[in-house]
Amino acid sequence: MDQQKDEQSQVEVNVSVNQSAELASAAARPQKPWIQRYGFSLIVLALCLVLGYFILAQQNKEGELPLQGQGAEFSYTDTNGENVTLANTNGKARLLYFFFANCPDVCPPTTFLMSQVQDELKEDGVFGDEVQFLSVTIDPNNDTTEALKDYAERFDADPKGWKFLRGDEKETAELARKYQILVTKDAQGNFGHMNLIVLLDKDGQIRDWISANDYIEEGGDNLSPSDMAKKIKSLL
């Protein structure tokens, strides 16, 4: 009996000695720096933060103006005889408006609205440098270069950032259709068109169709020139 107790005590002593030796060995073993132990996790966390910031920045930049498709290319002549295309105006946000100078109803108030937006953007220092307006006549036979110059002057259009353009009548009607704007002409030669302004970003992507009637009609959405200017500036 005493022999069994002695053997059990010896086993307990051996176990205790072994545990002490293991603890001493662990304590003596050099510990890895925290950067080595947690480095991979920190890298993953940093990448997630960068990705999240990038996504948030893109959402804030684009706001509520999703990409609607690439704008159709065009080539027109402005009132100075210079060629104006979609490509050579890239780098600026643009308003593209189809109109005609003898329009009896929506074109004059819409052009006046655009002149008010122009003034807002000039105050912000972006008109001409970062934003450009392009007004394309659908009636080039009557809207001569001189007629367009007179029309532009009536609305104090700043040529630094506002081009009045003319080209072939049929090609212009087809271009308007590509921008999802209907242009009509009856047997008497009277024109009609949807009163929409196309908003293009710096890359020539369509970002919105702005209903000018929401701004110029009484009892509409009561939108102001500042609202349109804000929408344009969201693309800068």
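Which residues is Y97 in contact with, leaving aside its neighbours within four places in sequence? Before selecting anything, note that this is a predicted model, in which local features need pLDDT of at least 70, side-chain atom pairs count only at pLDDT 80 or more, and totals for chains, interfaces and linings use all residues. Residues are numbered from 1 along each chain as its sequence is written, and side-chain values use heavy atoms, with hydrogens and water left out.

Select Y97, which lies in strand β3 (strands, E, at least two residues, and helices, H or I, at least four, are DSSP runs numbered from the N terminus). With contact taken as heavy atoms within 4.5 Å, the partners of Y97 are V106, C107, T110, T111, M114, L134, S135, V136, H193, N195, L196 and I197. Y97 counts as buried because its relative accessibility is 0%, the cut-off being under 20% relative accessible area with a 1.4 Å probe and protein chains only.

Show strand β4 (residues 131–137), which pairs with β3 in the parallel sense over seven bridges, and then strand β8 (residues 196–200), which pairs with β3 in the antiparallel sense over four bridges; pairing requires at least two DSSP bridges between two strands.

Note on methods
Buried means under 20% relative accessible area, exposed over 50%, partly exposed in between (1.4 Å probe, protein chains only).
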